Amino acid sequence: MVSITVNDFDLGQIAESGQCFRMNYIGRGSYSMIAFDKYIEVSQLGNTLIFFCTSEEYEGFWKDYFDIDTDYTEIKRNAKYDVYLSKAMQYATGIRILKQDLFEMLITFIISQRKSIPSIKKCVKTLSYRYGKEISGLNRNGSTVIVNAFPTPEDLSRVSISDLRECGLGYRDVYVYDAAKWFCKEYPKIDMERFKKEYPFAKNVLQSINGVGDKIANCVCLFALHQLQACPIDTHMHQIIDKEYYGIMPEWMVSDKAGVFQQYCFYYKRNYME
């Protein structure tokens, strides 16, 4: 068990921010999380977080995964003043950008097209149960929990389109099938240093995949590669642009922290404005 104190961190806001789909509320201020090949339960009381894992696992994985060392107070302090963004930052102050698995984010956001968050979570859970390997972790009581990791590219590349269709993917089954094949064949050929560091390059590479457009590519760049300038523009963002900025894209959407600001505004729009 690891206990830390951190500002600008809210498990509930992160879980409901639309960036992750395997983080679930389990009661008493606690959430479970499945990420990569790991399972954890985390509790929060005020600014205190308790990670139910060893200190080695926290330091070696979860600390970076939850972006603990990034100063989000400083990010907000340096934001150019904007009335709507300021309200969103105050309302959604505990959101952080998680550092998630690249392949999982690619498939997840392909699935997300025209689907609600509960539907996306159901599809991700089904894919993991059917094709992901079993992994284990500890719960808050110290007991072992067995769950399924998200399937690897190799796992999904062996699944037929008809079998994928049974997972509730709808028309996205073909895109998932193609993406798994692409990942196995083309991903190893990519210049990894450029891909991880250069947002325009990474975005262009991702958009070469069948079914991946601007929004999905930006989601993957932001939530997997942690390229904070990536700003996914979905229906909520279009509505914000039209209603709050009179149809003109605000300056913060093209800033070097655009993705962080997008998350604040996305959460504010979904949970306060509606």
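Reader: Which residues in α12 are buried?

Author: In this predicted model, the buried residues of α12 are Ile-216, Ala-217, Asn-218, Cys-219, Val-220, Cys-221, Leu-222 and Phe-223.

Reader: And how many of the 10 residues in that helix does this make?

Author: It is 8 of the 10, and helix α12, which covers residues 214–223, is thus mostly covered.

Reader: Let us turn to the loops. Where is Asp-67 found?

Author: Asp-67 is found in the loop between α2 (55–65) and α3 (72–77).

Reader: Is Asp-67 buried or exposed?

Author: Asp-67 counts as buried, because its relative accessibility is 2% and the cut-off for buried is under 20%.

Reader: Which residues is Asp-67 in contact with, leaving aside its neighbours within four places in sequence?

Author: Asp-67 is in contact with Tyr-72, Arg-96, Ile-97, Lys-99 and His-226.

Reader: What about Pro-250: where is its place?

Author: Pro-250 sits in the loop between α13 and α14. With a relative accessible area of 6%, Pro-250 is buried.

Reader: What does Pro-250 touch, not counting residues up to four places away in sequence?

Author: Pro-250 touches Asp-82, Ile-241 and Tyr-245.

Reader: How many Å apart in space are Pro-250 and Ile-240, C-alpha to C-alpha?

Author: Their C-alpha atoms are 9.7 Å apart, while in sequence the two are separated by 10 residues.

Reader: Is Tyr-246 buried or exposed?

Author: Tyr-246 counts as exposed, since its relative accessibility is 73% and the cut-off for exposed is over 50%.

Reader: Now the hairpin. How do strands β2 and β3 run, and how many bridges join them?

Author: Strand β2 (residues 23–27) and strand β3 (residues 30–35) run antiparallel, joined by 4 bridges. Within this pairing, Tyr-25 stands opposite Tyr-31 in β3.

Reader: What lies between the two strands of that hairpin?

Author: There are 2 residues between the strands, and in this hairpin Arg-28 takes a positive phi near 55°. Arg-28 is not a glycine, and its place is the loop between β2 and β3.

Reader: Is Arg-28 buried or exposed?

Author: Arg-28 is exposed, with a relative accessible area of 68%.

Reader: What radius of gyration does the chain have, against that of a compact globule?

Author: The chain has 18 Å, which agrees with the value near 19 Å that a compact globule of 274 residues would have.

Reader: What is the accessible surface of the chain?

Author: The accessible surface comes to about 12900 Å², and carbon and sulfur atoms account for 49% of that surface.

Conventions. Residues are numbered from 1 along each chain as its sequence is written. This is a predicted model: local features need pLDDT of at least 70, side-chain atom pairs count only at pLDDT 80 or more; totals for chains, interfaces and linings use all residues. Side-chain values use heavy atoms; hydrogens and water are left out. The radius of gyration is taken over C-alpha atoms; the globule rule is 2.2 Å times the number of residues to the power 0.38. Accessible areas come from the Shrake-Rupley method with a 1.4 Å probe; for residues, only the protein chains shown count as cover. Two strands pair if DSSP finds at least two bridges between them. Buried means under 20% relative accessible area, exposed over 50%, partly exposed in between (1.4 Å probe, protein chains only). Contact means heavy atoms within 4.5 Å.
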